[in-house]
Amino acid sequence: MGSLFRSEEMALCQLFLQSEAAYACVSELGELGLVQFRDLNPDVNAFQRKFVNEVRRCDEMERKLRYLEKEIKKDGIPMLDTGESPEAPQPREMIDLEATFEKLENELREVNQNAEALKRNFLELTELKHILRKTQVFFDEQEGGLNHTTESMTRALITDEVRTAGASMGPVQLGFVAGVISREKLPAFERMLWRACRGNVFLRQAMIESPLEDPTNGDQVYKSVFIIFFQGDQLKTRVKKICEGFRATLYPCPEAPADRREMAMGVMTRIEDLNTVLGQTQDHRHRVLVAAAKNLKNWFVKVRKIKAIYHTLNLFNLDVTQKCLIAECWVPLLDIETIQLALRRGTERSGSSVPPILNRMQTFENPPTYNRTNKFTKAFQALIDAYGVASYREMNPAPYTIITFPFLFAVMFGDLGHGAIMALFGLWMIRKEKGLAAQKTDNEIWNIFFGGRYIIFLMGVFSMYTGLIYNDIFSKSLNIFGSHWHLSYNKSTVWNNKYLQLSPATSDYEGTPYPFGMDPIWQVASSNKIVFQNAYKMKISIIFGVLHMIFGVIMSWHNHTYFRNRLSLLYEFIPQLLFLVVLFFYLVLLMFIKWNRYAATNEFPMTEACAPSILITFIDMVLFKKSKPPGLHCNTYMFAGQSFFQTVFVLIALACIPVMLLGKPIKIMQARKLANVQPITGASDAEVGGMSNGGGSHGGGGEHHDEEEMSEIFIHQGIHTIEYVLGSVSHTASYLRLWALSLAHAQLAEVLWSMVLSLGLNKEGWLGGIFLTVVFAFWAVLTVGILVLMEGLSAFLHTLRLHWVEFQSKFYMGHGYAFQPFSFDTIIENGGAVTETE
């Protein structure tokens, strides 16, 4: 079979590279993305490897690029992204890149430091300007050497004794300090001044209306101007310490009005000069960042490729001459020629005259699993790998899941309207996938939706199909082909009678099946509509489930034949298939026989009463009981010889159990005894078919059991047999979730229609139009939020469970490990993260 149905055949190869050509060859292999290197130095510390200095240099370049990226994003400059991936630079170009990044970083840091210093000076001058302006009101009344304001403050601050003593010494002079403090600290600052100075200070403050920019981090800070009057050096020292503790900035403020005016003019002049210099500095910074933004994406790609190459070279071994690097790698067998061509190109680029050597090695290790995917199959393969990566060369369920997964989902989600919403959403993502893929985001939910766009589209399309089969669109029916029923009901009967029933046994029914899907007349059958749909959906759930499980068992046959597990084929696959067919496929046949032979007509014996219950028949069959007829004049069985065939089928099913339980272990035990008696023949478990660790039906990679105890083999086989027999019953019942969720989805849609949208449809006039618009919006939100998103997620998870447990357990082991090739595309997509592959 092709690689679509199984993983690729892998080969372990040894690669010899000349030292001067190793970098270019690994670069070509990284562009190709088809080689998984093994670490040949597992015991060597990461800091003791040959190319650790080059990796450190790349880390330093990445740090500088991240610094540039942060500054570019801070200024909101768009970064050019052409979508192209430049080739990995040559080792000699690393020096030029390092010099370029060093120059840019130093220049940008110098510009930032100068800008910060200028902004700090600008902030100080701005605060001083506000101080001179706000404190002017405290000094604007000075006439004839008498300052009335100061005098009133003096009276408030000086005690009577000091005032009496000072009367003979002349007027008392008050000192003051002025500054700026953060507005949020001002209340605490005022309380501290009052308590520490015991009320012997006078504080005046005024808010600065516009916020000021913090030069350190660029935040906008609201501040207030304050001035504090006091008397004496002791209070002055105390006030300054409190200001220092609250990080208030003090500025000199002259007492004389002429000095203040002169200082204010000087401050305004310096502010204008600083504005000019700051503008030029910002322009220069902007030009540097714009020039860097044009190449930043390409620089990141180049540095990450260089780092990935040297990290990979650290996995290699040096030969004794120190002139050749030796590597071991897993490669797909079909791509060996492509890899050799890439190595040849790398050798030519490096100018080396010694060609690389790629030798295939013999190994008993399990190779990695590599399934080729494209943008369509990638999402389906991810669903399978989420359960477990397939064992090497095991049957891959992904191709079949492309059809079965959206179909089983649609059985539960069958609605033409809801399926159309989902299909249109998936189609929109598919049409816009290039633009959406370029807009990388950290939103995990959106990434999940976009990654599964093809799954969403197919689920929507299949749901539209099953919606047509159910004749269900937003809980209503489409009358495409008319109706095969002719009822004599008038409008009032249909609208007012809540117990209408449709009986196909009457003359109201034409007797011919509806051309496609369900007859729309079932919408008016309020009483037995659910009964009819329950019976229909329950039976098709069992039919699809049994066919799905039989298909899974048949898939195990391909595993057994490919790995030549003859014992598993004889003593597991055949009895498993027989057990499933004679019991549960026979149950499906009974449904078709009943549908084909019995009808709801009045002709004897073809009456509804004469149809025996399939469930009772199946239970009596397993218990070896004779079935009782459902009516006095009805037949007990559906066809002649049914009792005999049922007895034979149950006996065959019972006989399959000991075969599955004991057949394979006994044969392995006999083969071991034969090998001990005749050692020359070389008989081994592999010749008679080995059993995999997880049970033969999983089809392992032909694993041997020479060292496994027979008791363990018997125990494993017993567990596997019990699991299969009991699982066949529980798995068949598990498919009834198709019926249950389909019924729940239809009933929820009907509830939303009848209890929400119908309220707006019953209103008339222009007010009714407005009310209908509001109700329709509410109904649309509930439909999309509950029925499409929540019900869709529920149906998706149940479908996933049916594939993982009920289907894949029949043949899929999932004990392998994924092929992780050295690929530049994957490394760049993951943001430059390099992981060691062993």
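1. Since the model is predicted, local features are taken only at pLDDT of at least 70 and side-chain atom pairs only at pLDDT 80 or more, while totals for chains, interfaces and linings use all residues. Residues are numbered from 1 along each chain as its sequence is written, and side-chain values use heavy atoms, with hydrogens and water left out.

2. R393 deserves a look, as it has a positive phi of about 65° without being a glycine. Most residues other than glycine have a negative phi. R393 sits in the loop that runs between α10 (378-387) and α11 (398-413), where helices are DSSP runs of H or I with at least four residues, numbered from the N terminus. R393 is buried at a relative accessible area of 7%, buried meaning under 20%, exposed over 50% and partly exposed in between, with a 1.4 Å probe and protein chains only.

3. F624 also is not a glycine, and its phi is positive at about 55°. The loop that holds F624 lies between α19 (614-622) and α20 (642-677), and F624 is partly exposed, with a relative accessible area of 46%.

4. On the cysteines, a search of the whole structure finds zero disulfides, a disulfide being a pair of cysteine sulfur atoms within 2.5 Å. C243 is accordingly in no disulfide, and the nearest cysteine sulfur, which belongs to C197, is 9.3 Å away. C243 counts as buried at 0% relative accessibility, and C324 counts as buried at 14%.

Methods: Helix = DSSP H or I, 4+ residues; strand = E, 2+ residues; numbered from the N terminus.
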